[in-house]
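This report describes selected features of one protein model.

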Amino acid sequence: MPRPTTYPGAHPPSSPVPLPATYTTELVTDERGFAELAPEWGRLYRRCAAATPFQSHAWLHSWWRSYGGRGRLRLLLARDGRELVAAAPLTLVRRPVPALVPLGGAISDYGDVLLDDERGQDAVAALTEGLSAAARTALIDLREVRPGAAAERVYDHWRGPRHRVPGSLCLELPAAPMEELVARLPSAKAQQRVRAKLRKLEALGVGSRAVLPGEVDAALSRLLELHRLQWQGRKVTGEHLRPRFREHLVRAVGPMVRSGDAVVTEFRMDDEVVAVDVTLLSRRLAGGYLYGAHPRLRERKADVAVMLLAACAEHARAPERGTLSLLRGNEPYKHHWRPEPAWNQRLLLARRRTAPLLAAALCDVAARRRGKELLHRREERKEPDGGGGT
């Protein structure tokens with residue numbers, strides 16, 4: 001079994017102030033070591049206000065078990081003595097260039113590092129130094145970094161070549177009661193429509209409850225079945241139907257419910273479960289991650305989006321929780337609520353000898369952007385197919 005590698009001692013010339021002698025960094029590359037980190041990872045996670053649920057140990061370790069590549073785990077840890085004060089959960093990829101990227105992949109809406117808020121710049125400097133040493137001949141490619149994330153502090157401290165490019169768009173609402181969200185709508189008529197939809201849900205007898213920890217696994221199985229049913233015959237995110245995603249979701253969300261980092265909501269109508277939703281929670285935000293809803297809800301003229309938002313808004317209420325995130329995606333229905341745009345970022349960090357990798361990555365970003373623009377223009381030029389449907 002690979003042993004963790006430690007980088008103690010001298011600090012690179014780029015560090016403006018020497019770190020305390022008690023600071024060391026450590027690279028964990030085996031799954032067993034990752035699993036054993038759970039208690040202290042959890043304590044660090046609670047001390048990092050910028051952390052999102054996608055940086056919790058339960059989410060990341062489960063993701064690794066479902067999606068990780070053998071020999072590619074790179075967990076960079078910084079300690080003050082024996083106490084964990086910073087961590088970067090990364091994995092090695094080879095394409096388009098060798099790079100260390102955040103664990104969590106495409107099924108995670110935010111990528112980030114963890115920094116102990118009470119340690120200030122010492123923790124930032126230690127983690128930055130450790131990243132420089134661990135990267136070796138690879139680029140550091142921090143993807144889907146939320147505005148205000150801890151990774152921005154590492155980017156600011158970095159002394160080598162670096163570049164920032166836009167990531168995905170997330171749409172955000174204030175963490176407020178449903179009545180306040182309705183009041184944000186642009187007209188009295190729009191507000192009346194939503195209130196009518198809420199009354200419709202009540203008239204249909206749609207009720208909700210938070211699932212107990214011991215019921216989570218069964219509820220998630222129902223969610224995924226309902227999710228498959230609601231998208232039957234339509235374009236769906238294929239990954240959500242795969243066994244590895246099911247295994248990850250069930251394995252991760254149970255512990256997150258027990259620790260307060262997630263809530264699973266079950267919706268019933270006529271004494272039957274007609275929808276299940278997973279909302280992920282952290283100190284500063286709540287986000288509706290995935291749901292499944294029976295087509296019968298729409299057949300009965302129930303507005304599923306309003307139903308889910310009302311439940312998510314209730315879960316979002318907490319003293320420090322200021323954001324109800326609609327997570328990634330620019331779907332038109334989200335704009336009905338007048339959300340604020342919040343662009344994720346991609347932070348690219350190189351050493352001087354790996355600067356060519358940074359240039360190559362930027363070329364790849366530009367090529368992909370041009371490809372998307374061409375595809376969008378082609379779609380816009382397409383003539384109606386004359387099928388006559390509405």
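## Basis and terms

Helices (H or I, at least four residues) and strands (E, at least two) are DSSP runs, numbered from the N terminus. The model is predicted, so local features need pLDDT of at least 70, side-chain atom pairs count only at pLDDT 80 or more, and totals for chains, interfaces and linings use all residues. Residues are numbered from 1 along each chain as its sequence is written, and side-chain values use heavy atoms, with hydrogens and water left out.

## Backbone details

Aspartate 270 sits in the loop between strand S10 (262-269) and strand S11 (272-281). Its phi is near 55 degrees, a positive value in a residue other than glycine.

Arginine 95 and proline 96 are joined by a cis peptide bond, with omega about 0 degrees. Proline 96 belongs to the loop between S4 and S5. Most residues other than glycine have a negative phi, and most peptide bonds are trans.

## Two crossing helices

Helix H7 (residues 188-203) and helix H11 (residues 304-316) have axes that come within 10 Å and cross at roughly 85 degrees. Axes are lines fitted to C-alpha atoms, for helices over the stretch in contact, and angles run from 0 to 180 degrees between N-to-C directions. H7 and H11 are therefore roughly perpendicular to each other (under 35 degrees is roughly parallel, over 145 roughly antiparallel, 65 to 115 roughly perpendicular and the rest oblique).

On the H7 side, Val194, Lys197, Leu198 and Leu201 meet Val306, Met307 and Ala310 of H11 (contact means heavy atoms within 4.5 Å). These residues divide into 6 nonpolar, no polar and 1 charged. Ala, Val, Leu, Ile, Met, Phe, Trp, Tyr, Cys and Pro count as nonpolar, Asp, Glu, Lys and Arg as charged, and the others, Gly among them, as polar.

## The largest pocket

The largest pocket has a volume of about 1300 Å³. A pocket is an open set of points on a 1 Å grid over the protein atoms alone, where a 1.4 Å probe fits, with protein on both sides within 12 Å along at least five of seven lines; lining residues have an atom within 4 Å of a point. Grid points are joined across faces, edges and corners, and a volume is the space filled by probe spheres set on the points.

Of its 39 lining residues, Tyr289, Arg328, Glu331, Tyr333 and Lys334 are the closest to the centre. The lining comprises 20 nonpolar, 10 polar and 9 charged residues.

## A salt bridge

The structure holds 30 salt bridges (a side-chain nitrogen of Lys or Arg within 4 Å of a carboxyl oxygen of Asp or Glu). One of them pairs the side chains of arginine 47 and glutamate 83 (3.6 Å, N to O). Arginine 47 lies in the loop between helix H2 (38-46) and H3 and glutamate 83 in strand S4, so the pair ties together parts that are 36 residues apart in sequence.
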